[in-house]
Amino acid sequence: MRFPSREDRMFFYMLLPFAGVVFIVFVLLFEVLIQNSVPVLLREGLKFLTSSAWRPSEVSPDQEFYGILSPLVGTLYSSLIALILALPTSIALAIFINDYTPPQLRDHVTGLVDLMAGLPTVLYGLWGAFVLAPILKTYIMTPLSLYLGFVPVFGCRPITGFTVFTAGTVLSVMILPFMTSMIRESLASIPRTYREAVYSLGATRYEASRMLVSMTKPAVMAATLLGFGRAAGETIAVSMTIGNSFGLPLCMFEPSYTISSLIANQFANAGFYHYMTSALYAAGLFLLATGLLLNSAGVYMLVKWRRTYRR
Amino acid sequence: MRDVSSRREAERLSLVRRIKDKLFLVILVVLSMAAFLPLFHIVASILYYGGWTLLRGGLSFLVDTPPSPLSSNLGGIGPALVGSAVLVFLTVILGLPLSFMAAVFTVEYPNTLVARVTKLVCRSFTEIPTVLIGVLSYTLVVIPMGRFSALAGAVALAIVMVPYSYTYMEESLASIPRTYREAAYSLGLTRPRAVFSVFTRIARRGILTGVLIGLAKAAGETAPLLFTIGGLRHAYFNGPDHPVGAIPLLIYEFALTPYRVYREVAWGAALVLIAIYLVIFVVLRRTVREVRM
Amino acid sequence: MRKLLAMVIAALAILVFLFSFSFRNEGKKAAEVIIRGSGSTFLQPQLEAWIQGFLKDFKNVSIEYQGVGSGAGQEQFFKRLTDFCGSDPPLSRQTWERYRGKVLQLPIILGAVAVVYNVPELKDRCLKLDGRVLALIYLGRIEYWDDPMMRELNPGLDLPHRRITAVHRSDASGTTQIFTTFLHEAAPDLWPSDLVGKTVNWPVDGKGRGVGGKGNPGVVAALKSTEYSVGYVELEYAYREALPVAAIKNRDGNFVLPSVEAIQEAAKNALPDLPEDPSEDFSSELQAIVYAPGNGSYSITAFSHVFIRTTYSKEKTWVVREFIRWICERGSGYVVEGYVPVPEEIRNIDLRALDLVRSG
């Protein structure tokens with residue numbers, strides 16, 4: 001590389017280590033996870049992903065077996081519930097802020113959304129565990145299971161308030177502000193002329209909103225992917241509300257595990273056993289890889305979409 | 001005749017359209033209210049339950065050590081408060097230069113490989129489950145050091161913080177108009193001087209935002225601390241290379257116990273935490289319009 | 001630029017100030033000596049009560065204990081992250097052999113697992129159970145409350161023809177280990193040894209009549225909300241939640257409720273099978289105390305332990321010794337409800353440890 005001056009070159013080499021550290025940390029994260037997950041992956045192979053048995057054994061390491069299918073299902077299930085609840089709400093809120101809120105109020109409303117987005121997750125967990133869970137159990141989960149019990153996903157009585165559904169609800173509250181601001185930004189970035197063109201055709205607000213939202217579809221998709229990634233990676237609030245127990249829940253009123261809550265709950269105790277620590281690192285590696293994949297897909301969509309309007 | 005029926009048709013249609021429009025508005029308002037309901041409910045619950053705790057404990061709640069599980073005495077969260085302050089400080093010390101220098105690097109030398117990678121990595125780092133960062137710090141700092149420490153926690157928190165503050169700093173540095181840059185160089189300033197005395201000043205809002213976001217993250221995150229700081233209850237502080245407590249961790253641990261007094265303390269601590277967060281947030285909103293966390 | 005410099009200097013000053021704490025800590029005189037421990041969550045309330053009592057009597061020392069689980073406690077203890085460890089189970093034989101002569105195991109307190117039930121018809125009348133029937137219930141082979149075997153044990157009770165729901169822990173737990181050890185000891189032909197451990201693949205789950213609960217609170221919640229269920233919890237929770245507790249048939253054939261006397265009697269009767277020296281192998285201790293002989297012994301009883309090292313730095317040696325001595329001599333005055341102090345004979349084992357801890 002060419003530098004215009006000696007000082008410039010020194011500056012470059014002075015800054016390089018800082019930027020390098022960021023990269024190195026990233027590599028180290030992968031290295032640590034991969035290195036530590038090798039034992040269990042070599043031993044169990046694909047069964048690690050496809051088995052739902054989580055069997056520590058004090059007797060001998062040979063009897064240990066770890067499969068993460070059930071936390072995997074729990075992760076997908078709770079994140080899916082979160083998305084189903086959060087997606088329509090965030091689209092509605094984004095439209096509401098953009099088109100229906102008076103400009104002088106808009107700032108305060110987005111402020112509230114941002115406030116929600118940054119609230120420490122342990123507070124969501126505390127509220128979810130002690131305030132929301134009992135409410136959901138009495139007023140939503142029990143009646144649903146009583147009257148709509150023939151539908152498989154409602155097919156069981158909630159025994160405690162800590163279920164996949166509760167965790168999904170808390171997660172939806174947590175990813176909602178994040179998704180709202182993404183969708184709102186993309187709505188706001190549609191050029192004025194488009195909006196005016198739609199109204200000049202005599203469209204009602206409903207019709208206009210429908211068209212605008214359909215124009216931002218890629219951004220909504222991106223928000224969905226990124227929201228899903230966030231929900232799948234959240235640890236504290238989930239582990240406080242999901243009940244932390246193994247099982248392959250079909251009914252959403254059963255407790256379950258997610259990968260991150262599994263790590264949070266079992267990592268400290270894993271040293272008791274021969275392969276459990278390795279299994280948890282491997283679960284983490286898997287979570288990280290999927291998360292990054294979702295994230296890159298989302299970011300890619302967003303960047304591509306932004307290019308269509310910002311020229 | 002045909003004319004009349006088509007007009008009627010049109011009126012009927014417009015009625016349908018108007019009803020749809022009204023219905024849409026109703027749904028929109030209901031959903032938007034529903035979106036904000038949890039926020040108010042959370043704040044109200046914390047004020048209510050935490051308020052009782054603080055009323056009972058008074059100011060000494062901020063100073064005392066936590067109670068024993070079955071005591072009727074409320075105790076306090078002193079060690080955790082001290083620990084959180086230390087963690088925030090150490091995190092900013094570690095994370096701020098890192099994110100700032102990295103931001104300067106990517107803006108000043110955007111076409112190098114390292115700059116591109118840094119940008120990419122920081123973007124994906126915001127999506128990495130924070131519990132994994134805790135695991136990383138446990139493996140790389142706690143085990144080699146031989147004990148839990150504030151330092152290990154700060155390393156984890158800094159890794160969580162850097163991508164956020166980096167993004168703000170990078171954006172604000174990159175958005176300095178070309179003319180300003182050229183003006184600085186035409187004064188005969190070298191690049192380091194131009195960056196530190198001119199560009200930094202122009203972009204100070206973004207930089208401040210980055211710092212504040214870092215503060216908020218360091219004060220509020222729990223998962224990176226799970227396996228790193230160890231916790232401290234009967235002593236306040238023994239040095240950065242020793243275990244410390246932290247408010248979020250205390251809430252998490254106490255909330256999951258069956259003891260009533262611990263839950264009361266957890267709610268009280270939640271009130272303190274939300275107060276700290278609100279202060280940071282209000283300052284943030286004053287410096288910058290939109291905050292993305 | 002000057003502002004920046006001032007900020008950097010201020011930051012450095014604070015950093016130096018913070019680090020000064022750690023030097024003061026390792027320095028020579030007056031400063032506090034801190035002992036750290038971690039481990040069993042079951043032990044935590046009791047240890048916290050002891051620590052607070054101890055700290056009232058001794059100044060300039062501090063003891064920290066974190067309830068992270070027995071497994072984590074052992075790991076941290078052997079990685080030297082902590083100075084002592086609270087553990088429900090004793091060390092396994094392999095671990096003990098690896099650290100032989102370096103670690104002391106002190107049975108410090110007694111706990112018991114209560115079998116609790118929710119059968120509205122029974123109200124306050126006490127159910128009688130034995131190991132065989134419990135094993136058959138958790139195997140899923142006894143399906144109804146009015147099963148002939150149940151009626152034989154409870155001749156006076158009017159048992160309903162209802163399905164039994166068996167509640168168990170869903171997380172890895174010492175409570176499960178104690179309970180399954182009891183099932184195996186009392187009915188070895190029915191309950192095989194590979195169904196003994198901290199987490200178990202409960203056969204009754206396969207029949208759709210098993211329910212898992214996270215932690216003791218989870219089991220209590222499941223039990224309360226499921227009529228005609230039976231479960232097992234730490235005694236403390238049975239007391240606190242005022243759950244009906246079943247009397248369990250012991251080795252001598254008597255039905256016994258978990259009382260302080262019954263639990264201590266089990267410990268005393270286990271004594272002949274225990275090593276006399278805390279540096280020895282305690283790994284078969286659970287088999288000795290669970291289903292112990294003795295007229296009035298309660299069968300589902302277990303010790304909880306504190307592990308200490310044989311060598312510490314000079315200041316720490318003193319604190320560790322004094323803490324153990326204090327627990328043995330004055331600790332019984334600070335026992336939390338639901339725990340049972342170890343009998344005199346066991347305390348003598350613990351006191352023997354004081355001579356084995358040396359500074360170096």
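**Ground rules**

I number residues from 1 along each chain as its sequence is written, and I letter chains from A and number ligands from 1 in the order in which they are written. As this is a predicted model, local features need pLDDT of at least 70 and side-chain atom pairs count only at pLDDT 80 or more, while totals for chains, interfaces and linings use all residues.

**Entry 1: confidence**

I started with the predictor's own scores. The complex gets an ipTM of 0.92 and a pTM of 0.86.

**Entry 2: chain B as a whole**

I listed the elements of chain B and got 10 helices and zero strands. Here helices (H or I, at least four residues) and strands (E, at least two) are DSSP runs, numbered from the N terminus.

Of the 293 residues, 56% count as buried. Buried needs 20 or more other C-beta atoms within 10 Å of the residue's own, exposed means 12 or fewer, and partly exposed lies in between, with C-beta atoms placed from the backbone.

Next I checked contacts, which need C-beta atoms, placed from the backbone, within 7 Å. Among the contacts in chain B with a separation of 6 or more, 74% join residues 24 or more positions apart.

I picked out one residue, Ile27(B), which sits in helix α1 of chain B. Ile27(B) has 13 C-beta neighbours inside 10 Å and so counts as partly exposed. From Ile27(B) to Lys217(B) I read 190 residues in sequence and 35 Å in space, C-alpha to C-alpha.

**Entry 3: where chain A meets its neighbours**

I turned to chains A and B, where 71 residues of chain B are in contact with 68 residues of chain A. On the chain B side, helix α1 (residues 2–57) gives the largest share, 16 residues. That side divides into 51 nonpolar, 11 polar and nine charged residues. Nonpolar covers Ala, Val, Leu, Ile, Met, Phe, Trp, Tyr, Cys and Pro, charged covers Asp, Glu, Lys and Arg, and the others, Gly among them, are polar.

The contact between chains A and C takes 15 residues from chain A and 22 residues from chain C. By class, the chain A side has six nonpolar, seven polar and two charged residues.

**Entry 4: strand β6 of chain C**

Is strand β6 (residues 165–169) of chain C mostly covered or uncovered? I found it mostly covered, as five of its five residues are buried. Thr165(C), Val167(C) and Arg169(C) point one way, while Ala166(C) and His168(C) point the other way.

I then traced its partners; two strands pair if DSSP finds at least two bridges between them. With strand β7 (residues 210–213), β6(C) pairs in the parallel sense over four bridges, and Val167(C) stands opposite Val211(C) there. With strand β8 (residues 229–234), the pairing is also parallel, over two bridges, and Thr165(C) faces Ser229(C).

**Entry 5: two positive phi angles in chain C**

I noted a background point: most residues other than glycine have a negative phi. Arg80(C) has a phi near 65°, a positive value, and lies in the loop between α3 (70–78) and β3 (84–87). Tyr291(C) has a phi near 55°, also positive, and lies in the loop between α12 (285–289) and β11 (301–309).

Tyr291(C), in turn, is buried, with 25 other C-beta atoms within 10 Å.

Definitions and conventions. Two residues are in contact if their C-beta atoms, placed from the backbone, lie within 7 Å.
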